[in-house]
Amino acid sequence: MSGKPTFYITTPIYYVNDIPHIGHAYTTLACDVLARFKRLDGYDVMFLTGTDEHGQKVEKSAAAVGKTPIELCDEVSTRFRELADFMNCSHDDFIRTTEERHKIACQAIWKKLEENGQIYLDKYAGWYSVRDEAFYAETELLEINNEKVAPTGAPVEWVEEESYFFRLSAWEDRLLEWYESIEPTVLPKSRKNEVKSFVEGGLRDLSVSRTSFKWGIPVPGNDKHIMYVWIDALTNYLTAAGYPDTESESFKKFWPADIHMVGKDIVRFHAVYWPAFLMAADIEPPKRVFAHGWWTNEGQKISKSVGNVIDPFEIVDEFGLDQVRYFLMREVPFGNDGDFSKQAMINRINSDLANDLGNLAQRSLSMIFKNCDGVMPSPGTYHETDNTILENADKIILDVREYMDKQEIHNALKVIWTFVSYTNGYFAGEEPWSYKVTNKIRMGTILYVTAEVIRQVAILIQPIVPNSAAKLLDQLKIPEDKRMFEHLGEDYRLESGVKIDKPDGVFPRYIAEDK
Ligand code: MSP
């Protein structure tokens, strides 16, 4: 083993009944940012994403388009993989629940649950929503136009069939204890309160198998039954870590997972059912479930029927990859709902990226290129303003790390950009151009200090805008092996005398094309 600390982060696995949209891109992107951050901070990271391919919903969707389930799965799963690559996500594994390794893991955990007396055979009679792949109690249903519907608005149907049950009701106390662990296990707090009151309201045993369709993993020893798709889906996180081989290096290294990132709609599955299944199978529950909010489009709920689904491929083509990555992570406090609007995107691109950071880099590096023979100047004696700015630059990682550890990605970015604005103020106030003739040393000092800030900022923003950060670091001639967070700070200051490249704007302004 490497001896490095480890970090295991997962996205939900995506249903293949739908094509990828901005919501999916968002979850994967947030995980990518956190995974990249931890790698740069010296961790051995495993970042998992993939597709959820079983269940009645997928079976029905395939039939509706005249395909076999596996044909549909192959096609749509590929599209999700392409999206992750296109968004420059650095996942280490892409799991498909139709893989053999996953069937083995699911059947193993089932057997373990049975062995532990956590599963029994009975009859289910109740409401089921195929769209949500969820069972609902009568009391949870709403009535719209005299029709009963799920709290999510999804249609429900009455189901009566033989079913295996999981003894969820036995896990109330352990779950309530888990929510109160010292390190928060469910974030944001509002979501923790939501699941907590759901559990406090009393848990009923959960139906975990169905006999009315075939597209799924058979229950070991009774293949009339197909496992409930959520047991199957959640187990993906174990499969990828190497389960059922709990002695494998990867399982020992990466389980329990550090973060399951999910959308707010699937918190109950991750923060109630999943830890209960795991504890019941003598497996440690994850360290944290973080639920982010949902995006609307120009104020409207995103839906296929409204026809306002945002295609991530399209917006990246229009605005640029790093620009979209930055916008999605900065615009909305991570955990809250957010509204996607083109104007908000353009504002962020032009003000934060082009004006604040882009201009600072372009102006200072161009001056070095033109007025210092294209080499990094040697700083003269530092003034107090120089010392203050360098001291602040050296400390910034501390705040950024603290926010990232709480998944407050927007706040981490705010800290960095506040510092960028502050440096802009320094640059404007010190007026390096005014010393071109009178005091080249002073000019060089100001330019050196500004470039050093850019070095540190570029290192810090690699998780968010990896391509642009690399471009800045390349221009500054920072070797690839000197771009980790351990290279922030005073010990790795820019080397004077190094020839820099002719700077080329990293963050162009967005100018709307006349249509
Ligand atoms: N297959 C299940 C997850 C199983 S995990 C063991 C599933 N899949 S999904 O494709 O429907 O949704 C995947 C994720 O996309 C969810 O976390 C969901 O919250 C997220 N989003 C879907 N639409 C969204 C928005 N409009 N905005 C933000 N995220 C949204 O659920």
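1. Strand β12 (residues 209-210) runs antiparallel to strand β14 (residues 222-227), and two bridges join them. Within this pair, S209 has M227 of β14 as its bridge partner. Strands are DSSP runs of E with at least two residues, and helices are runs of H or I with at least four, numbered from the N terminus; two strands pair if DSSP finds at least two bridges between them.

2. The model is predicted: local features need pLDDT of at least 70, side-chain atom pairs count only at pLDDT 80 or more, and totals for chains, interfaces and linings use all residues. Residues are numbered from 1 along each chain as its sequence is written, and side-chain values use heavy atoms, with hydrogens and water left out.

3. Strand β14 also pairs with β13 (residues 218-219), in the antiparallel sense and over two bridges. V219 stands opposite N222 of β14. The two strands form a hairpin with two residues between them, and G221 in the turn has a positive phi of about 85°.

4. A separate topic is the open sheet of four strands, with antiparallel pairing and the order β6-β5-β9-β11. Its edge strands, β6 (134-136) and β11 (206-207), each pair on one side only. Ten bridges connect β5 (residues 119-129) with β9 (residues 157-166), again in the antiparallel sense. D122 has S163 in β9 as its bridge partner.

5. Around the ligand there are 22 residues, of which I13, D52, G263, D265 and W295 come nearest; a residue counts as near if one of its heavy atoms lies within 4 Å. The shell divides into twelve nonpolar, eight polar and two charged residues. In this division, Ala, Val, Leu, Ile, Met, Phe, Trp, Tyr, Cys and Pro are nonpolar, Asp, Glu, Lys and Arg are charged, and the others, Gly among them, are polar.

6. A polar side-chain atom of D265 is 2.5 Å from an oxygen atom of the ligand. D52 places a polar side-chain atom 2.7 Å from a ligand nitrogen atom, and a polar backbone atom of W295 lies 2.9 Å from a nitrogen atom of the ligand. Of the 670 Å² of accessible area that the ligand has on its own, the protein covers 94% (Shrake-Rupley method, 1.4 Å probe).

7. The elements that give two or more residues to the ligand shell are β2 (14-15), α1 (22-40), α7 (229-234), α8 (236-241) and β15 (259-263). Helix α7 gives the most, with three residues.

Definitions and conventions. Polar contact = N/O pair within 3.5 Å; in protein donor to acceptor, adjacent residues only side chain to side chain.
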